[in-house]
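Please look over the sequence and the structure before reading on.

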Amino acid sequence: MSTEKEEITRYKRVLLKISGEALMGDQGYGLNPPTVARIAREVKSVHDLGVEICMVIGGGNIFRGLAGSAQGMERTTADYMGMLATVMNALGMQAQLEALGLHTRVISAIPMDQVCEPYIRRRAVRHLEKKRICIFAAGTGNPYFTTDTAATLRANEMNCEAIFKGTKVDGVYDKDPKKHDDAKRYDVVSYDEVLQKNLGVMDASAIALARDNNLPIIVFSLDEPGGFRGILAGQGTFTKVQG
């Protein structure tokens, strides 16, 4: 076995966290099917290596609870609406993954048996062992918790070896690289530094949960073709958040 193959298969089970906005493509709202299909192909390329994959997708392309709350809606109701948006995104991703021949399960923290499975940890682990892709939807099932926190929670529950966070930029910077030409990218950054400098990788509760369980977070650009597979091979540009 080549060194590269060993490097590629170093991770046996990972969680991919992507934002709802990543599914919009160039449009300003909702799902862009060609974009969802492209991300699904990225996931398949990693799945083909034998890596067990679970996913958490945000809902910001449809409805964001905090934004609804800021406009006067009661926060709990707004958050539940955001959770339902993540279920819609999960179903859209499931359709594209299954079109590529991948067995996929959408697993919701809010029971809705007609469209997806309820979250039962042992059943979800069994799906992963059978090489099915699990998409965890509806966040943690509780208001006031983001999908970042849900991703960290599920990654820990599934015994994932890392969280791969696909974003619009190729890592974590000391300031917004789109606004500042002198922004510097970190190769490695500690959980505590992310919290102290408010670097915006994930919200504070997600970072704290990852830190307490020593779960690394790898931030990379989802817009880079072949990026997900490349990062697993230790190639490309990314930032690793660790202890």
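In which strand is glutamate 117 found? Glutamate 117 belongs to strand β4, which covers residues 117-118. The model is a predicted one.

Glutamate 117 has a relative accessible area of 17%. Because buried means under 20%, glutamate 117 counts as buried. Its side chain forms a polar contact, at 3.1 Å, with the side chain of histidine 127.

Leaving out residues up to four places away in sequence, the residues that glutamate 117 touches are Arg105, Val106, Ile107, Ser108, Arg123 and His127.

## The sheet

Strand β4 is part of an open sheet of 9 strands. The order is β4-β3-β5-β2-β1-β6-β10-β11-β9, and the pairing is mixed. At the edges are β4 and β9 (188-190), each of which pairs on one side only. Strands of a sheet pair through backbone hydrogen bonds, in either a parallel or an antiparallel sense.

The partner of β9 is strand β11 (residues 238-242); the two pair in the parallel sense over 3 bridges. Serine 190 has glutamine 242 of β11 as its bridge partner.

Nonpolar side chains tend to be buried together in soluble globular proteins. Here the largest nonpolar core has 38 residues, and Met55, Met93 and Phe164 have the most contacts inside it. Two or more residues of this core come from each of β1 (13-18), α2 (33-47), β2 (52-57), α4 (75-99), β5 (133-137), β6 (162-167), β10 (217-221) and α9 (227-232). Another core, of 29 residues, lies apart from it and includes Ala124, Leu128, Val189 and Met202.

What does phenylalanine 164 contact, leaving aside its neighbours within four places in sequence? Its contacts are Tyr11, Val14, Leu15, Leu16, Lys17, Ile218, Phe220, Phe228, Ile231 and Leu232.

Helix α6 spans residues 147-157 and is mostly covered, with 8 of its 11 residues buried. The buried residues are Thr147, Asp148, Thr149, Ala150, Ala151, Thr152, Arg154 and Ala155. They pack against β1, β2, α4, β5, β6 and α8 (204-212). At the start of the helix, a side-chain oxygen of threonine 146 comes to within 3.3 Å of the backbone nitrogen of aspartate 148.

Most residues other than glycine have a negative phi. Tyrosine 144, in the loop between β5 and α6, has a positive phi of about 75° although it is not a glycine. Asparagine 159, in the loop between α6 and β6, also has a positive phi, near 60°. Is asparagine 159 buried or exposed? With a relative accessibility of 53%, asparagine 159 is exposed, because the cut-off for that class is over 50%.

## The largest pocket

The volume of the largest pocket is about 1,100 Å³. Its lining has 48 residues, and those nearest the pocket centre are Lys17, Ser19, Arg64, Asp148 and Lys165. One of these, Asp148, is also among the buried residues of α6.

Elements that each supply at least two lining residues are β1, α2, α3 (65-70), α4, α6, β6 and β7 (172-173). Which element gives the most to the lining? That element is α4, with 5 residues.

Note on methods: Residues numbered from 1 in each chain as written. Predicted model: local features only at pLDDT ≥ 70, side-chain atom pairs only at ≥ 80, totals over all residues. Heavy atoms only, no water. Core = buried A, V, L, I, M, F, W, Y, C linked by side-chain atoms within 4.5 Å. Buried < 20%, exposed > 50% of the residue type's maximum accessible area, 1.4 Å probe, protein only. Helix = DSSP H or I, 4+ residues; strand = E, 2+ residues; numbered from the N terminus. Contact = heavy atoms within 4.5 Å. Polar contact = N/O pair within 3.5 Å; in protein donor to acceptor, adjacent residues only side chain to side chain. Pairing = 2+ DSSP bridges. 1 Å grid on protein atoms, 1.4 Å probe; cavity = no way out; pocket = protein on both sides within 12 Å on 5 of 7 lines; lining within 4 Å. Points joined across faces, edges and corners; volume = space filled by probe spheres on them.
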